[in-house]
Amino acid sequence: MPPEVSRRSFLKLAAATGAAALAGCKPAARHLIPYVIPDENVIPGVPSFYATSCNECPAGCGVVARVREGRVIKLEGNPADPIGAGALCARGQAALQGLYHPDRLQRPHLRGADGLINPIGWEDAMARFAKALAQAAAEGADRIAFIGPPMGPAYEMIVNDWLGAFNSRMRLAYRALDDAPGRAAMQFCFGTEFKPLYHIDRARVLLALGADFLETWESPVELARQFAAFRNPTKEDGKTRFGLAWYVGPRMSLTAARCDQWFACRPRWEAAVALAMLRVIIDQGLARPGAGVDPDAMRKFAAAYDVGAIATKSGVSAAAIERMAREFARADGALAIAGTDDDAAHVAAWMLNAATGNLGKTVSFTQPPHVQPSGVQRDAMLEAMRAGSIKVAVIAEANPQFSMPAQTRFAQALSKVPTVVWCGTVPDETAALAHLLLPADHWLEAWGDSAPRPGVSGLRQPTMTRVVYSRALGDILLDAARAAAPREHLPRYEDAQQAVRASWAERFNGAGATANFDDFWDQSLRQGGRFTPPPVAEARLAPGVFVHPLALPEVPPAPALTLVAYPHIFWYDGRGADKPWLQEIPEPVNQIVWDSWAEIHPDTARRLELAENDVVRLSSAAGAIEVPVHITPGVHRDAIAVPLGQGHTSYGRYARDRGVNPWRVLPPDRLTAPVAAGRTGMRRELISPLFSPDMRDRPIVETMSLEDFQKGIEPKPWEEPYPEPYETYPPVNYPVHQWGMTIDLNACTGCSACVAACYAENNVPFVGKELVAQGRIMSWIRIERYIPQTTDAPALLMMPMLCQQCSHAPCEPVCPVFAAVHSNEGLNLQVYNRCIGTRYCENNCPYKVRRFNWYKPQWPPPLDLQLNPDVTVRGAGVMEKCTFCVQRIRAAEVQAKLEDRAVRDGDIVPACAQACPARAISFGDMKDKGSAMMKRRADHQVRTYQALKPLNTLPAITYLRQVYRPREEV
Amino acid sequence: MKYGAIVVAVLILAGGVLTALLSQRPWLAREDVVQPIPFSHRVHAGIRHIPCQYCHEYARRSENAGVPPIQRCVGCHASMAEQVALRPVRKPWIDREQAPFEVRWNRVYTLPDFVRFYHSPHIHAGLQCQTCHGPVQTMDRVTPVYEINMGFCLNCHAQRHVSIECSTCHY
């Protein structure tokens with residue numbers, strides 16, 4: 001800018017240019033194209049809802065898909081479903097981006113002689129598939145293989161019948177993260193594979209042996225809800241109830257951070273710690289074994305474990321083991337759960353539960369799931385492939401090339417199969433090995449069902465028409481069978497939809513479906529399935545359990561390191577890595593985005609001469625990976641923790657060539673491996689949107705010790721409040737409503753489901769690694785994470801931070817164009833069309849919740865189909881922020897007006913509050929003292945505080961302090 | 001040099017103003033819209049007294065008023081005397097071989113992306129369609145009578161003492 005042009009005239013010029021730019025806007029859609037024949041169930045502008053069930057992990061939460069004008073725009077939990085109970089985790093919500101992924105296979109592809117894939121038509125593809133099948137079947141039995149996850153009763157029936165039609169039994173039910181150790185322990189302890197139902201909320205004491213139940217273990221939404229109830233501090237008859245939780249494991253996971261204490265334990269030594277606890281319980285005469293447990297055998301068994309030796313080797317002090325054992329045994333309800341790759345830890349957890357009489361109390365049992373996929377084990381399948389007896393392999397909804405450890409040599413085995421058919425959505429590493437690639441429907445487009453446990457039968461129905469030229473997996477299989485299988489073996493149903501219906505008719509015949517199956521079916525579809533209390537089974541410890549001592553692992557000589565690979569809270573087994581939301585939402589504990597990292601203890605890093613962001617080479621017997629170092633005290637000294645899920649060489653533009661895949665160095669069936677670590681001399685910066693791990697003594701996340709809570713002592717304020725609130729402006733008057741929020745930091749687990757919900761609901765753009773590094777992440781709500789430097793605090797402080805909708809909002813008076821204005825309902829509005837992008841508001845916001853669009857946001861088609869039509873898509877140069885989901889407020893107000901009534905409490909649920917598995921967020925009218933939100937404040941008066949209160953911003957969000965027990969020095 | 005800057009400023013400003021004046025502001029209701037078929041609101045709403053919401057049926061339930069499906073047209077016209085102009089509309093309903101008749105209406109009223117408008121509460125409040133859309137029952141070809149801009153909305157809202165908060169329409 002030449003010096004002659006003053007700032008003032010420059011702004012004038014800028015404004016004029018702006019006018020010119022605005023006038024050049026592209027016109028909106030200029031045509032109105034009516035239906036020829038309208039769909040009775042579609043009112044343009046009014047959403048419809050379809051109940052279905054989530055397929056992103058085996059937990060099987062119920063989902064309600066919100067559909068506008070024929071496309072799914074949001075996924076929320078199904079309140080009728082007892083597992084999710086209306087909540088949905090970030091992974092479930094991000095399934096939308098799998099549905100609309102821009103790199104989904106659009107049409108069938110055939111791999112040519114040159115190794116490249118070329119599109120072909122469906123008829124051609126199916127003819128080739130059928131021909132290969134017919135030839136294979138003609139050669140004899142067991143020539144056709146099917147590899148896919150356990151897929152629910154109806155699809156198991158289809159797959160069984162399909163394989164049967166070709167006289168084959170080669171079905172591999174493959175899950176990358178299989179709970180084989182848990183099932184083996186169940187078999188060993190109880191003689192049957194019961195399905196355990198955990199009731200954390202019925203326990204007073206919880207011991208987690210490497211079980212990350214708030215992230216990926218078992219059923220995270222359900223267990224997070226139970227954990228919130230377990231940790232809700234209440235006073236009953238003068239006594240305080242506040243669940244006591246410990247975590248024993250090699251790394252401080254999110255679950256560990258939310259427990260009272262994380263005990264850093266040498267990898268695979270969790271079992272030993274539990275057995276030492278058992279020893280203490282028995283030695284001190286605290287055992288209360290339930291029926292079927294022989295006390296003498298138990299005493300003899302436990303005597304083999306020396307508490308002192310285990311303490312030294314595991315790293316968990318003897319004092320801690322004794323204290324845990326005493327509390328565990330004395331509690332009126334305790335629960336030990338194990339989530340490691342080690343059978344012994346699971347067995348030890350059952351022993352602890354049994355020795356303290358908690359079987360049937362804090363954990364009950366039910367019959368195993370109705371349909372267990374039958375078939376062969378992995379090694380038998382691989383052997384058959386290598387021997388050349390498999391002629392056609394169909395791989396669906398699974399990515400074994402990515403998730404089978406290198407030593408299984410899956411690719412080599414698969415190369416012996418003449419025809420490999422891949423069915424899926426986004427072509428992954430396994431697709432890269434296939435000859436015929438068939439685009440299968442996403443679970444939001446297809447029929448299906450799920451039976452995560454007895455009593456819960458989820459139905460899956462198409463929520464919208466297809467996004468690409470795909471077909472349902474069931475239809476692909478059935479069409480191929482019709483074309484290729486002998487006539488007498490043809491399945492008895494036409495297509496996948498009929499198969500699901502037939503399967504349900506069969507299963508529910510006599511169980512409520514007697515009178516009229518059509519009505520039963522419609523009702524089941526409407527509510528998303530059938531939900532009944534699970535039939536409880538009596539489980540008794542098998543007599544041989546306490547006979548043979550469990551072997552403890554060797555402790556390797558001093559400098560040996562163990563790689564601990566763990567399923568990432570968002571990428572899970574790798575299937576989440578292709579979804580930009582799941583890449584961009586920071587992992588709650590380490591707050592790193594769009595990359596892999598290796599968690600290394602500071603002492604170990606010093607010994608290896610590694611600094612933050614140095615790339616370390618981890619080599620095991622199977623191979624080596626190179627990954628940047630993240631130095632954190634949240635990992636055991638002899639462990640290096642790397643999240644699973646990244647390191648794709650394929651799988652779409654967001655996953656490809658990003659991070660590393662620890663399965664390359666893991667041995668089969670293990671998530672731990674001895675590794676050697678060495679410097680590479682390279683660096684790669686790990687990107688985090690976090691401002692600082694330290695609160696610098698500001699009152700952002702507040703906590704109170706359990707003792708203070710019991711006595712009702714509020715913590716000392718950070719600074720003396722203003723003697724007289726200093727007001728420049730007249731007080732704001734709220735004539736009808738003043739919207740507010742209460743967030744219980746004690747319930748909040750940091751799982752970030754709210755963040756995903758906000759991305760989906762409010763058209764918040766993702767920006768990618770480079771822009772996050774520049775501090776330009778766009779999320780309207782984030783999980784703030786701070787690391788206290790004292791043991792007189794929780795291990796990590798976490799809080800959902802979003803616009804506080806201040807009554808004295810610092811952002812408002814600085815806006816030169818009145819784009820930031822205050823509404824008479826207490827909202828800090830951001831009027832996008834007024835905003836000229838000065839960013840004064842952002843600079844003046846003490847909570848740093850305003851986001852600026854540096855560029856025009858991009859949603860590569862068809863990702864843009866997910867955009868919520870009720871929310872403006874902001875352009876470049878515009879400031880945006882949380883609106884308390886004003887579109888939902890408006891929709892509720894309009895609905896109330898149409899019904900000639902006032903807005904009722906509970907009519908408005910913002911996306912974040914709706915998604916929260918722990919129900920930590922409540923929303924309501926601050927002027928209505930009877931609203932659930934205000935009652936929550938009143939019920940927990942002693943815990944209420946407002947973030948950065950001394951600034952006198954008068955936020956509409958009141959937080960409830962986290963209650964903690966001081967941790968012990970370890 | 002100082003004058004130079006002013007001249008540049010004036011030129012750019014003039015350019016901006018001219019562009020703004022000459023360009024079609026895409027959200028303004030348009031005078032010149034010609035429809036693909038000669039449908040007359042005067043005949044339907046004026047002479048025949050068909051209520052607006054018989055065809056624009058979603059107005060009381062949704063943010064959109066809705067454009068009638070072809071089925072709605074045929075519903076009446078199928079039972080009426082043969083009219084040459086209506087043959088392409090009716091034919092596909094009698095002859096299954098015919099491709100369905102589709103209309104791509106040209107929009108007369110458009111709102112910019114940052115404005116949210118719900119028809120339903122306005123209908124519920126007893127507003128006549130003509131309040132915003134003018135005497136459509138007298139028009140063969142619909143042309144806007146009022147310029148639907150923020151002032152138009154605010155005047156009415158202010159007169160009727162309903163909310164004039166920004167978030168009523170902008171979010």
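Predicted model: local features only at pLDDT ≥ 70, side-chain atom pairs only at ≥ 80, totals over all residues.
Helices (H or I, at least four residues) and strands (E, at least two) are DSSP runs, numbered from the N terminus.

Residues are numbered from 1 along each chain as its sequence is written, while chains are lettered from A and ligands numbered from 1 in the order in which they are written.

**Stop 1**

Select Glu397(A), in the loop between strand 17 (392-396) and helix 15 (400-403) of chain A. Phi of Glu397(A) is near 55°, a positive value in a residue other than glycine. For the surroundings, a residue is buried if 20 or more other C-beta atoms lie within 10 Å of its own, exposed if 12 or fewer, and partly exposed in between, with C-beta atoms placed from the backbone. Glu397(A) has 18 C-beta neighbours inside 10 Å and therefore counts as partly exposed.

Now jump to Arg268(A), in the loop between strand 14 (261-264) and helix 9 (270-283) of chain A. Arg268(A) is also not a glycine, and its phi is positive, near 70°. Is Arg268(A) buried or exposed? Arg268(A) counts as buried because 25 C-beta neighbours lie inside 10 Å.

Finish with Pro862(A), in the loop between strand 36 (851-852) and strand 37 (879-880) of chain A. Check omega from Pro861(A) to Pro862(A): the peptide bond is cis, with omega near 0°.

**Stop 2: an open sheet of chain A**

Two strands pair if DSSP finds at least two bridges between them. Seven strands of chain A form this open sheet with mixed pairing, in the order 6-5-19-18-17-7-8. Strand 6 (117-119) and strand 8 (170-173) of chain A are at the edges, each with a single partner strand, so one side of each has no neighbour in the sheet. From one strand to the next, the twist averages 15°; axes are lines fitted to C-alpha atoms, for helices over the stretch in contact, and angles run from 0 to 180 degrees between N-to-C directions.

Zoom in on strand 17 and strand 18 (residues 419-424) of chain A, a parallel pair with five bridges. Ile395(A) has Trp422(A) in strand 18 of chain A as its bridge partner.

Two residues are in contact if their C-beta atoms, placed from the backbone, lie within 7 Å. Helix 4 (residues 122-138) of chain A touches strand 5 (109-111), strand 7 (144-148), strand 17, strand 18 and strand 19 (436-439) of chain A, and its direction makes about 125° with that of strand 19 of chain A. Helix 14 (residues 378-386) of chain A touches strand 7, strand 8 and strand 17 of chain A, at about 135° to the direction of strand 8 of chain A.

**Stop 3: strand 29 of chain A**

Select strand 29 (residues 672-683) of chain A, which pairs antiparallel with strand 24 (residues 561-567) of chain A over four bridges. Here Val564(A) stands opposite Thr672(A). Strand 26 (residues 614-619) of chain A also runs antiparallel to strand 29 of chain A, joined by five bridges. In that pairing, Leu618(A) is opposite Ala677(A).

**Stop 4: chain B on its own**

Chain B has eight helices and one strand, in the sequence pattern α-α-α-α-α-β-α-α-α. Its C-alpha atoms fill a box of roughly 75 × 40 × 30 Å along the principal axes. Of the 171 residues in chain B, 14% are buried.

**Stop 5: where the chains meet**

Bring chain A back. How many residues of chain B are in contact with chain A? The contact takes 42 residues of chain B and 45 residues of chain A. Elements giving two or more residues to the chain B side are helix 1 (2-22), helix 4 (70-77), strand 1 (105-106) and helix 6 (119-124) of chain B. Helix 1 of chain B gives the largest share, nine residues.

His31(A) has Asn106(B) as its bridge partner.
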